[in-house]
Amino acid sequence: MENVIELQNVNKSFGDFQLKNLTMTVKKGYITGLIGGNGVGKSTTIKLIMNLLQPDSGDISIFGLNYKGNEKEIKQRVGFVFDSNVFYEHLSLKEMVGIISRSYHYWDDGIFQAYVEKFELPLKKKLKTFSKGMMMKTSIAIALSHQAELIIMDEPTSGLDPIFRRELLEILHEIMEDGQKSIFFSTHITTDLDRIADYITFLHNGEHIFTKKSYQIEEEYALVKGGLDLLDPDTKQEFISIKTSPHGFEALTSNKGRVEEVFGSLVVMEKPTLEDIMFYTKKGTVTDV
């Protein structure tokens with residue numbers, strides 16, 4: 001299966017923060033969601049992928065190409081949807097697009113106009129009058145109008161109302177219908193990924209925890225609930241992290257089958273949310289919380 005993004009042993013340090021030996025891939029033709037808490041390296045990873053930052057060490061390739069000598073070709077094929085406004089606010093949308101369109105070999109005015117109508121974007125209004133939702137629609141319309149093969153989005157649903165968030169997810173579904181595009185986006189609103197993501201990549205403290213198909217997470221991970229009498233130094237090792245109370249314990253496992261073998265019907269197992277996985281992983285290995 002072809003990878004549109006490959007990172008191999010990528011390191012990047014900022015003061016106390018370090019992205020450590022990051023190795024991950026993004027598959028062609030799928031939606032991959034990037035999750036993790038604040039400050040774990042999501043935005044740094046995206047900036048490295050976009051060549052807005054350079055790694056201290058390691059290799060990054062997009063479409064099988066590295067940026068050295070291939071940056072223009074790569075960026076012709078990538079659409080980047082920003083979380084914040086990066087356009088000239090004193091210009092109208094029509095004026096801004098007049099500038100941007102000259103940068104792309106395959107810009108298609110017909111496609112752009114179709115998205116303007118679909119999204120009900122006012123061409124003649126100044127960009128400074130646009131709401132966050134309108135600005136997000138503008139970024140998407142521009143990204144799709146130069147026939148980008150890879151759409152990269154940094155927290156695209158952050159700060160948006162629930163109605164537009166759902167509308168945006170439907171747009172992303174439509175983008176994927178031809179099977180030729182790939183989407184990679186970071187978010188802390190993990191419920192959005194439940195609707196559309198094919199793969200989930202999880203970062204924690206600058207490290208790659210996993211990249212898995214969405215259904216694999218459901219098959220492998222579980223929230224486990226039981227009595228305190230079931231916990232001892234050996235059984236605690238079956239869990240990523242444990243939360244205890246006077247009434248019992250709740251813990252996260254990444255090996256449902258093993259927990260079934262050890263505990264049988266003495267525990268209750270439930271499907272964890274992505275937030276559950278992030279929460280318990282943050283708390284650390286087999287420590288009571």
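The largest nonpolar core of this predicted model comprises 52 residues, and those with the most contacts inside it are Ile140, Met153, Leu172 and Ile183. A nonpolar core is here a set of buried Ala, Val, Leu, Ile, Met, Phe, Trp, Tyr and Cys residues joined through side-chain atoms within 4.5 Å. Buried denotes under 20% relative accessible area, exposed over 50%, and partly exposed the range in between, with a 1.4 Å probe and protein chains only. Helix α5 supplies the largest share of this core, seven residues. Ile183 touches Tyr30, Ile31, Thr32, Ile151, Met153, Leu172, Ile175 and Met176, residues up to four places away in sequence not being counted; contact means heavy atoms within 4.5 Å. A second, separate core of 27 residues includes Leu22, Leu53, Ile74 and Phe80.

Residues are numbered from 1 along each chain as its sequence is written, and side-chain values use heavy atoms, with hydrogens and water left out. Because the model is predicted, local features need pLDDT of at least 70 and side-chain atom pairs count only at pLDDT 80 or more, whereas totals for chains, interfaces and linings use all residues.

## The six-stranded sheet

Helices (H or I, at least four residues) and strands (E, at least two) are DSSP runs numbered from the N terminus, and two strands pair if DSSP finds at least two bridges between them. Six strands form an open sheet of mixed pairing, in the order β5-β6-β7-β3-β8-β9. β5 (78-81) and β9 (207-213) each have a single partner strand and stand at the edges, so one side of each is left without a neighbour in the sheet. From one strand to the next the twist averages 15 degrees. Axes are lines fitted to C-alpha atoms, for helices over the stretch in contact, and angles run from 0 to 180 degrees between N-to-C directions.

Within this sheet, strand β6 (residues 150-154) and strand β7 (residues 182-186) run parallel and are joined by five bridges. Ile152 stands opposite Phe184 in β7. Helix α5 (residues 132-145) packs on the sheet and touches β5 and β6, its direction making about 175 degrees with that of β5. Helix α10 (residues 274-283) lies across β3 (31-35), β8 (199-204) and β9, and runs at about 25 degrees to β8.

Strand β1 (residues 3-14) pairs with strand β2 (residues 17-27) in the antiparallel sense over eight bridges, and Val26 is the bridge partner of Ile5 in β2. The hairpin formed by β1 and β2 has two residues between the strands, and Gly15 in the turn has a positive phi of about 55 degrees. β1 also pairs with strand β4 (residues 57-62) in the antiparallel sense, over five bridges. In β4, Ile60 is the bridge partner of Leu7, and Ile62 stands opposite Ile5.

Six of the eight residues of α1 (residues 42-49) are buried, so that the helix is mostly covered; the buried set consists of Lys42, Thr44, Thr45, Ile46, Leu48 and Ile49. Asn51, which follows α1, has a positive phi near 65 degrees.

## Aromatic and charge-ring contacts

Rings of Phe, Tyr and Trp (its six-membered ring) pair if their centres lie within 6.5 Å; planes under 30 degrees apart count as stacked, over 60 as edge-to-face and the rest as tilted.

| Pair | Centre to centre | Angle between planes | Class |
|---|---|---|---|
| Trp107 and Phe112 | 5.6 Å | 40 degrees | tilted |
| Tyr115 and Phe119 | 5.4 Å | 40 degrees | tilted |

Trp107 and Phe112 are both buried. Tyr115 and Phe119 are likewise buried; both lie in helix α4 (residues 109-119), four residues apart, about one turn of the helix. Phe202, Phe210 and Tyr221 form one aromatic cluster.

The charged end of Arg77 sits over the ring of Phe63, 3.9 Å from its centre. The criterion is that NZ of Lys or CZ of Arg lies within 6 Å of the ring centre and within 35 degrees of the ring normal.
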